[in-house]
Amino acid sequence: MGRTRTGRHARGVRTAAAAAVGALAPAMLTAGCRIEDAGAAGSTAPPAVATARPAASASADDGKPGGGTPSPSATPSRPPSASPSPAPRTLMSVGDRSGRVRELQARLRQIGHFDRSPTGYYGTATVASVQSFQGKRGLSRTGRTDTVTWERLLAMTRKPTAKELDPPAPAPAVAKPDARCLTGRVLCISKNSRTLSWMIDGRVVSSMDVRFGSQYTPTREGTFPVYWKSRHHVSTLYDSPMPYAMFFSGGQAVHYSSDFAARGYGGASHGCVNVRDEGKIASLFDQVRNGDKVVIYW
């Protein structure tokens, strides 16, 4: 009897427990739906589930404040910036006088950009020739010979020969000398033929091209003595060089002119007799003495 009651009691307890569980299940399901409502009173948050963060999202946050230490692989690589090319260096420019300038002129002459004999002086004619060369090659027309211009010219020309660097000057057409030139030691200068003849006792020793002053500063005509020689003279009035100057009337002299050598008859003196062949006037300077006669005529 006792066992039977006990067994019945146990079954009753288990039945009651099962009934309680069955009644609780719908309540738990109902409570689970309410958890999804954010901010529901007395609700219990579900456990957080860790999700992998996309790499692209991580990179996007790297640059934001508090975004954490950026990954080295996430930083885009930038090519190193190229350093600017150095500006071309000027090698020769107006006013220079050297053997290199003479070579420049000879090379320009080889390809038709310099139409006269090289002088070694960088004057206005050389500037115009360099500008012509630069313009035809698409370079800046500065008139200065920089490293780019020089290298381009070297590539297009050959090394000048000695004859190209210093070609023999054609003998000037010497006019019939004035009667005053036929005796003694005379610098016989003709304005008509634009020549100077160095004559001794009626014999022509040497001759050379000359130019004269402009209409505003004319070269005087007449007979004069050489009264002073100055090999490295510089004009105190115009602050310009007058090498191998042989003065014959006030401030007027026979002397070498680099401008005449560069520009030819496109310019004029301030009254002096300009010679453009430096070698010839250097030799003449050594032969002429103070007191020798100067005759200037038409």
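In which loop is Asp201 found? I looked and found Asp201 in the loop between β4 and β5; helices (H or I, at least four residues) and strands (E, at least two) are DSSP runs, numbered from the N terminus.

I noted that this is a predicted model, where local features need pLDDT of at least 70, side-chain atom pairs count only at pLDDT 80 or more, and totals for chains, interfaces and linings use all residues. Residues are numbered from 1 along each chain as its sequence is written, and side-chain values use heavy atoms, with hydrogens and water left out.

**Backbone.** I checked phi at Asp201 and got a positive value of about 55°, although Asp201 is not a glycine. Asp201 counts as exposed, at 58% relative accessibility. I then turned to Tyr244 in strand β8. Tyr244 is not a glycine either, and has a positive phi of about 60°. Tyr244 counts as buried, at 14% relative accessibility. Buried means under 20% relative accessible area, exposed over 50%, and partly exposed in between (1.4 Å probe, protein chains only).

**Cores.** I looked up the largest nonpolar core and found 24 residues, with Ile189 and Val254 having the most contacts inside it. Such a core is a set of buried Ala, Val, Leu, Ile, Met, Phe, Trp, Tyr and Cys residues joined through side-chain atoms within 4.5 Å. Elements that each supply at least two of its residues include β3 (185–190), β9 (252–256) and α8 (278–287). The largest share, four residues, comes from α8.

I listed the contacts (heavy atoms within 4.5 Å) of Ile189. Leaving out residues up to four places away in sequence, Ile189 touches, among others, Leu196, Phe212, Val254 and Tyr297. Apart from this core I found another, of 12 residues, including Leu91 and Tyr122.
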